[in-house]
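Here's a quick tour for anyone meeting this structure for the first time. Have a look at it below, then read on for the ligand, the strands and a surface patch.

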Amino acid sequence: MTPHGQAEGRGPGPALRHQADFSKFTRRRRCCRKGIQLALVGLVTAALWAGLLTLLLLWHWDTLRNLKQLEENAARNVTQVSKDLERHKGDEMAQKSQAAQMLQNMERIQAEQKRMESQEFELFQNLDGLRADLSNLKSLNMNERRMALESLERLQEEIQKLWVELRESNVPTTAPTTVPATVPTTVLTTAPATVPTMVPATAPTTAAPLSLSSTPGSTCNTCPEKWVSFQRKCYYFGEGAKKWIQARFACSNLHGRLVSIHSQEEQDFLTKHANKRGSWIGLRDLDIEGEFIWMDKKPLNYSNWQPGEPNDAGQGENCVMMQASGQWNDAFCNNRLDGWVCDRLATC
Ligand code: MMA
Ligand code: CA
Ligand code: CA
């Protein structure tokens, strides 16, 4: 038991009363202070919450604004992307149609190319046909020409023979001025314009004086001027570069023909006069290879081939030449030889 308790039981004194009031007052005061503190703490807390809330609201508002902006941007981007996509689709379509067009063009070009190739092939075939026709025509023409020449030559020979026979029988005659009526007209019309006139317009005896190179003591050895008489023939030793065919025409123009050789004596005589650079003679295997024919159509009963000849060398050799030694060699007909020997029958 406290002393206060003792005092209460007896009734308190003024001092004690005053002390109790004072403690009451102190207690009340302490209690007030606590309330204020609590209110302050509450206020501060409320203020803090209010600030926090404000901050949160601000943050929320900012976030909302950003989101809105993002949304707008996204919408704008989506619009842009869809526009781009549409443009791209348009471009793609255009490219596809262009590609289809190009494919069509290419197919057309290929078809055209094929058509041209087949046309070219046809053209080449036609050209080949034309070439073949041309060469056929040429060979036909050449054959006709050769036949015409041979016919003319035969006629000339006949006329010469007749003339000689007439002279020998001493019948006074006039020279034939035209080709006999029996001449086949086809031959004359098919003869080319370039064929030299081989049928004499006048008799051989009137073409040149005959008596200059006559051999005394023989009956038929009369030759024209510049012709050399040997046995019963006359020989002309022509000079000047000529192909075989040109030499043949030259002899025809002189009323003779390229020489035919039939004996060793005749060959010896010719060897003496032979051109040192070679001379064409009247022997050739033009028609059948290896079958040599004399211009006077007589058989090949004598020959004077150089050893190893005839050899039909190179691109073919169908005309015969007499070398400086007098020996024969078959040579290329288009070679130009400086010498060529003609013969004709001597007159009586
Ligand atoms: C030449 C020519 C021919 C002849 C030979 C001989 C190279 O050709 O003249 O006709 O047969 O010579 O070697
Ligand atoms: Ca030959
Ligand atoms: Ca030869």
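Let's start at ligand 1, where a polar side-chain atom of E317 sits 2.5 Å from one of the ligand's oxygen atoms. Keep in mind that this is a predicted model.

**Around ligand 1**
- The residues around ligand 1 are E309, N311, E317, N329 and D330.
- Sorted by class, that shell holds three charged and two polar residues, and no nonpolar ones.
- N311 has a side-chain N or O atom 2.8 Å from an oxygen atom of ligand 1.
- For N329, an N or O atom in the side chain is 3.0 Å from an oxygen atom of the ligand.
- On its own, ligand 1 has 330 Å² of accessible area, and the protein covers 42% of that.

**Strands side by side**
- Strand β1 (residues 228-230) and strand β2 (residues 233-242) run antiparallel, joined by three bridges.
- In this pair, S229 stands opposite C234 in β2.
- The two strands form a hairpin with two residues between them, and Q231 in the turn has a positive phi of about 50 degrees.
- β2 is also joined to strand β8 (residues 337-345), by eight bridges, and these two run antiparallel.
- Here Y236 stands opposite C342 in β8.

- W49, L52, L53, L55, L56, L58, W59 and W61 make a nonpolar surface patch of about 960 Å².
- One of these, L58, is found in helix α2, which spans residues 14-168.

Technical notes: Residues numbered from 1 in each chain as written. Chains lettered and ligands numbered in written order. Predicted model: local features only at pLDDT ≥ 70, side-chain atom pairs only at ≥ 80, totals over all residues. Heavy atoms only, no water. Patch = residues over 30% accessible without salt bridge, like charges linked within 9 Å, V, L, I, M, F, W, Y side chains within 5 Å. Areas by Shrake-Rupley, 256 points an atom, 1.4 Å probe, with all protein chains shown as cover. Salt bridge = Lys/Arg side-chain N within 4 Å of Asp/Glu carboxyl O. Helix = DSSP H or I, 4+ residues; strand = E, 2+ residues; numbered from the N terminus. Near = heavy atom within 4 Å. Polar contact = N/O pair within 3.5 Å; in protein donor to acceptor, adjacent residues only side chain to side chain. Nonpolar A, V, L, I, M, F, W, Y, C, P; charged D, E, K, R; others polar. Pairing = 2+ DSSP bridges.
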